[in-house]
Amino acid sequence: MPDLAGWRRHRMPVYPRTAAFTLPPDWVCEVLSSSTQVLDREVKLPVYAQEGVGHVWLVNPDSRTLEIYRLDEGRYVQLALHRDGALVQAEPFEALGLDLALLWT
């Protein structure tokens, strides 16, 4: 399971009132740590790709980085690596600005 996940409204117009559901998310975010980094990168990413998760963000509070990936032909392509207090507009939320400094404070 990802740390955070999101679905586009057209794919999930009503949030299910159940304990679990099977529709893969459109976006996931993993918060990396020294104890979870290998699991998140080497185990979870291939599963997300297999399930068709379109975008993955990897947030690393220790290095103060945000990695943005998009699924392309079954593999993730890194779109960007943002650091420290950057102001970013990251897929799939490029319509919104994100101040990374807020994540580290």
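A salt bridge here is a side-chain nitrogen of Lys or Arg within 4 Å of a carboxyl oxygen of Asp or Glu. By that rule D40 and K44 make one, with their closest N and O atoms 3.5 Å apart. Keep in mind that this is a predicted model, where local features need pLDDT of at least 70, side-chain atom pairs count only at pLDDT 80 or more, and totals for chains, interfaces and linings use all residues. Residues are numbered from 1 along each chain as its sequence is written, and side-chain values use heavy atoms, with hydrogens and water left out.

**Salt bridges**

- Searching the whole structure turns up six salt bridges.
- D40 and K44 both sit in helix α1, four residues apart, or about one turn of the helix. (Helices, H or I of at least four residues, and strands, E of at least two, are DSSP runs numbered from the N terminus.)
- D40 counts as buried because its relative accessibility is 2%, and K44 is buried too, at 15%. (Buried means under 20% relative accessible area, exposed over 50%, and partly exposed in between, with a 1.4 Å probe and protein chains only.)
- E30 joins D40 and K44 in a network of salt bridges.
- R64 pairs with D84, the closest N and O atoms being 3.5 Å apart. R64 is in the loop between β3 and β4 and D84 in the loop between β5 and β6 (87-88), so this pair ties together parts that are 20 residues apart in sequence.
- R64 is partly exposed at 35%, and so is D84 at 39%.
- R70 and E91 also form a salt bridge, with 2.6 Å between the closest N and O atoms. That one links distant parts of the chain, as R70 is in strand β4 and E91 is in the loop between β6 and β7 (98-99), 21 residues away.
- R70 is partly exposed at 33%, as is E91 at 24%.

**The sheet**

- (Two strands pair if DSSP finds at least two bridges between them.)
- β2 (residues 27-31) pairs with β3 in the parallel sense over five bridges, and V31 has V59 as its bridge partner in β3.
- β3 (residues 55-60) and β4 (residues 65-72) run antiparallel, joined by six bridges. V59 stands opposite L66 in β4.
- These two strands form a hairpin with four residues between them, and R64 in the turn has a positive phi of about 55 degrees.
- Eight bridges hold β4 to the antiparallel β5 (residues 75-83), with I68 partnered by A80.
- The β4 and β5 hairpin has two residues between its strands, and E73 there takes a positive phi near 55 degrees.
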